[in-house]
Amino acid sequence: MDLYEYQGKQYFARFDIPTSPGAVADTVDEAVARAEELGYPVTVKAQVKVGGRGKAGGIKIAGDAEEARRHADAILGLDIKGHVVRRLWIEKSSDIAKEYYASFTLDRAAKQHLCMVSAKGGVDIEEVAVTDPDAISRLHVDPTEGISATAAAGVVTSAGIDEEARAQAAEILVKLYECYVKGDCDLAEINPMILTPDGIVRALDAKVTLDDNAAFRHPEWEEFEGLEDMDPRDKLAKEKGLQYVGLDGFVGIIANGAGLGMSTCDVVEQVGGEPANFLDVGGGASAEVMANALEVINTDEKVKSIFINIFGGITRGEEVANGIVQALGRVQIDAPIVVRLDGTNAEEGRRILSEHESDRLVSVPTMMGAARKATELAGGVVKEAAAR
Amino acid sequence: MSIFVDDTTKVVIQGLSPSGQGLYHGLRNRAYGTKVVAGTNPKRGGEVIEGIPVYASVQEAVAETGATASFTAVPPAGAPDAILEAARAGISFIVCITEFIPAQDEALVFNILRREHPGTRLLGPNCPGIISPGKCNIGITSGDIALTDGPVGLVSRSGTVFYQALYELTQNGIGQTTGVGIGGDPVPGTGFIDCLAAFEEDPETRAVMLIGEIGGSEEERAAQFIAQHMSKPVVSYIAGVTAPPGRKMGHAGAIISGSQGTAKAKMAALGDAGAIVAQNPTEAAELMVDVVKGLP
């Protein structure tokens, strides 16, 4: 789960990472009231989970109440790369002498944590990584050891952080690691970490991605839920506990397993169709799970046919077939359905499906054949696929 | 021969109870012919469940039965401790199928094993397990989709595509020496390269199928290994050609970030390394048929 900037800053505060004073506002009046409390100048910042806010006009400085009102009015409701601004973070403006970068994330190749620090902060760090890779200092951290104050000081120095800022930056780095590990983050990033003209180092922005798998030991994360600006299909799928990703095509896809789900999308595209979604029903494929999956797909008006691709492992073929048949009794589905059932007891499963077969429900024994059929039923042009 | 397990492997099921997943899969594995010699449960030491003697700890189970491998399906909160308990008891091969373990825990467990238990191999977490057809099956793979006496070693990150690939090979009459599902999590205990190296060493394995997916750089590193160290032919398939950037595709590890981790980049790396690159699992099996026909 990605946090908004203000949530990230609140999360940082739990680990004693210094940030600027600020407050949340959902209306123009609230924004002005918060600005008055903080004292001018304030920075009015759009709260959206997408980069490039500044360039899009989502961050403005206000010197008085009139300006605060004008900026809040302009930014609330602003569409930034498809994300509509519904909330503002009003922050006491900072004088900036220098902008740095600091982050922790997992290096999957090294199987250790990776600390990155740069004296070139405030810009897109991925761009810096490409154009000026030497400007980023990297330090691998063994999770069994953690990061020592000495190691933090070392990486801060090698990154070229100004001398007057080093001690504070190293201290922040140690706290950021605490936040990243104890706070179960996939990413904890400060960009920019600023040095003020009077010599104070603090986080001016916060980018925090929490590891959803760790939610069981973080009851406090609940406050972050429910504010998502989600695609309605995604939202319904989440409520139903399904792994769903909306795509732009016209063939709805239901598969068991993430890999097979992706593979099914690939095959549909290879035969000339376009996947409307990725949907993984997981290991089981009971009537209830199937009905939920079909219900989610059914809300997508672009879907012209549905391809159910199930490989029976533990889940036996006849259970899957019965699940599909029962689901069809519960949900009114508009698009024709193509089922490919393979693996354990697939023959029995196909026999059950054949009893209910019609022009709305077709069973095809192979993955490629079913992809072609689903594409054809959706009105797509079927191509010769790669497999012979 | 097979890799990592064989017909002498003795398995202890961690967290065995009359209603848990461990028993369900353990009985299926036993029915396949796997030597399931013990279970553990701190509250049920001394009991016998479905003919499986239960011990209070892995250490006790190892002492009493000579177990060499363990299988665990305990929930995420307890899985890291279960893995470390097995390692401390001297288990050399741990299969953990548990899904949704926090990444911080995975990284910590991996590094503890690497430092303190170099003789222990962890497979998973969040993986289907391992099958050496006719000899040993630890995990959730349905034994009847695999075929014995084959020349092919199979390694896959995805679970269901692992089954799909096993099944397609079997349908084409191609048997497998061992199939290993390494799982799609960010820090798998066993990676592609571990399996490729073992298959290269195994005299009975004569060709290898590698099934990858989007995210990370494991496939690229596997490609490098193939180019430098593999004499045996490799057929590969990468799931997720059509996956959009920035969205997790089910697995925590399956995410394209920036230009990193795309299927196209992985396929190109594997192709450059001399591997045969298939567009889908069906084609992968068909290409393997040709490879096997051409074997000396």
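B:Gly119 is found in the loop between helix 4 and strand 7 of chain B. Helices (H or I, at least four residues) and strands (E, at least two) are DSSP runs, numbered from the N terminus. Is B:Gly119 buried or exposed? B:Gly119 is exposed, because 10 other C-beta atoms lie within 10 Å of its own, and a residue counts as exposed at 12 or fewer, as buried at 20 or more and as partly exposed in between, with C-beta atoms placed from the backbone. Between the C-alpha atoms of B:Gly119 and B:Val187, which are 68 residues apart along the chain, there are 18 Å.

A few words on reading the names and values: residues are numbered from 1 along each chain as its sequence is written, while chains are lettered from A and ligands numbered from 1 in the order in which they are written. The model is predicted, and local features need pLDDT of at least 70, side-chain atom pairs count only at pLDDT 80 or more, and totals for chains, interfaces and linings use all residues.

**Domains**

The bounds below come from an automatic or database domain assignment.

| Chain | Domain | Residues |
|---|---|---|
| Chain A | domain 1 | residues 21-92 |
| Chain A | domain 2 | residues 98-224 |
| Chain A | domain 3 | residues 232-377 |
| Chain B | domain 1 | residues 10-123 |
| Chain B | domain 2 | residues 142-293 |

Taken over C-alpha atoms, the centres of domain 1 and domain 2 of chain B are separated by 26 Å. Nine residues of domain 1 of chain B are in contact with nine residues of domain 2 of chain B; contact here has the meaning that C-beta atoms, placed from the backbone, lie within 7 Å. On the domain 1 side, helix 4 and strand 7 (121-123) of chain B are the elements that give two or more residues. The largest share of that side, five residues, comes from helix 4 of chain B. By class, the domain 1 side has seven nonpolar, no polar and two charged residues. In this scheme Ala, Val, Leu, Ile, Met, Phe, Trp, Tyr, Cys and Pro count as nonpolar, Asp, Glu, Lys and Arg as charged, and the others, Gly among them, as polar. In chain A, 44 Å separate the centres of domain 1 and domain 3, again over C-alpha atoms.

**Where the chains meet**

How many residues of chain B are in contact with chain A? There are 51 of them, and they meet 47 residues of chain A. Helix 4 (103-116), helix 5 (159-171) and helix 9 (281-293) of chain B each supply at least two residues to the side that touches chain A. Helix 4 of chain B gives the largest share of this side, eight residues. The side of chain B that touches chain A has 25 nonpolar, 19 polar and seven charged residues.

**A sheet in chain B**

Chain B has an open sheet of seven strands in the order 9-8-11-10-12-13-14, with mixed pairing; two strands pair if DSSP finds at least two bridges between them. Strand 9 (136-139) and strand 14 (276-278) of chain B stand at the edges, each with a single partner strand, so one side of each is left without a neighbour in the sheet. From one strand to the next, the twist averages 15°. Strand 10 (residues 152-156) and strand 12 (residues 207-213) of chain B pair in the parallel sense over five bridges, and B:Gly153 has B:Val208 as its bridge partner in strand 12 of chain B.

**Strands and core**

Now to chain A, whose secondary structure comes to 12 helices and 18 strands. Buried residues make up 49% of its 388 residues. Strand 7 (residues 98-107) of chain A runs antiparallel to strand 10 (residues 185-195) of chain A, joined by seven bridges. Seven bridges also join strand 7 of chain A to strand 8 (residues 112-118) of chain A, and these run antiparallel. Strands 7 and 8 of chain A form a hairpin with four residues between them, and A:Lys111 in the turn has a positive phi of about 60°.

Of the 151 residues in the largest nonpolar core, A:Leu279 and B:Met288 touch the most other members. Such a core is a set of buried Ala, Val, Leu, Ile, Met, Phe, Trp, Tyr and Cys residues joined through C-beta atoms within 7 Å.

Note on methods: Two residues are in contact if their C-beta atoms, placed from the backbone, lie within 7 Å. Axes are lines fitted to C-alpha atoms, for helices over the stretch in contact, and angles run from 0 to 180 degrees between N-to-C directions.
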